[in-house]
Amino acid sequence: MTKLMKQRRKKSYNYQTNRRRVKKRMEKKTKFGVKIDCDVLKESWDNRKSVKENLKTLGVASDANDVVTKIKSVKNQFIETRLGTDENIDSKPEPKPQDDATEVVQKLEKQAKDAKKHSTFRFSNEQVMWLSYMMDTHKDNYKAMARDPKNHYQETPAAIRQKIKRFI
């Protein structure tokens, strides 16, 4: 009987908690409030299922470690056979190609194949000025560029060559 009294006593309103923030935090943790950025997955996503069930039906792995085969250690790299047996030593188990790729997986593969790789690296204005100065004064002499007094960061000839290659 005392247990019920304790439960009733705890029902008092807590003025210190922000109910809106608590509700938003709880919505993020539920399986229905999953935010999906990929358009291909968003089209065929079912909000009534959990994340793992959705990914399983779509043919996408939820845990990459379960899908990838484990790498064998160096000890087990060689096949042990007896000298008297006539087994084919060169035979290796061939990996099976995956034929059961779902429509979603095919769309994702096509999207990944069509995507262009754009470089995000940019030189700063000071580096552009420095590289153009070096190319104007020394042409292709990278050793002279390395000895130049304006080489404040003491770049080696090979490092300067790489930067100029990327710059051009």
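Read along the sequence, the protein runs α-α-α-α-α-α-α-α-α, a pattern of nine helices and zero strands, where helices (H or I, at least four residues) and strands (E, at least two) are DSSP runs numbered from the N terminus. This is a predicted model, in which local features need pLDDT of at least 70 and side-chain atom pairs count only at pLDDT 80 or more, while totals for chains, interfaces and linings use all residues. Residues are numbered from 1 along each chain as its sequence is written, and side-chain values use heavy atoms, with hydrogens and water left out.

Of the 168 residues in the protein, 14% are buried, a class that means under 20% relative accessible area, against over 50% for exposed and in between for partly exposed (1.4 Å probe, protein chains only). The accessible surface, computed by the Shrake-Rupley method with a 1.4 Å probe, comes to about 16,600 Å², and carbon and sulfur atoms hold 52% of that area. Among contacts (heavy atoms within 4.5 Å) with a separation of 6 or more, 36% join residues 24 or more positions apart.

Two aromatic pairs are counted, a pair being rings of Phe, Tyr and Trp (its six-membered ring) with centres within 6.5 Å, and planes under 30 degrees apart counting as stacked, over 60 as edge-to-face and the rest as tilted.

| Pair | Centre to centre | Angle between planes | Class |
|---|---|---|---|
| Y13 and Y15 | 4.8 Å | 75 degrees | edge-to-face |
| F123 and F167 | 6.0 Å | 70 degrees | edge-to-face |

F123 is buried at 16% relative accessible area, whereas F167 is partly exposed at 29%. In the other pair, Y13 is partly exposed at 46% and Y15 is exposed at 71%.

The loop between α8 (142-147) and α9 (157-167) holds N151, which is buried with a relative accessible area of 6%. Leaving aside neighbours within four places in sequence, N151 is in contact with W130, M134, M145, A146 and I160, and a polar atom of the N151 side chain lies 3.0 Å from the backbone nitrogen of E155.

Elsewhere, D63 sits in the loop between α4 (51-58) and α5 (64-67) and is partly exposed at 32% relative accessibility. The C-alpha atoms of D63 and K52, eleven residues apart along the chain, are separated by 9.0 Å.

Definitions and conventions: Polar contact = N/O pair within 3.5 Å; in protein donor to acceptor, adjacent residues only side chain to side chain.
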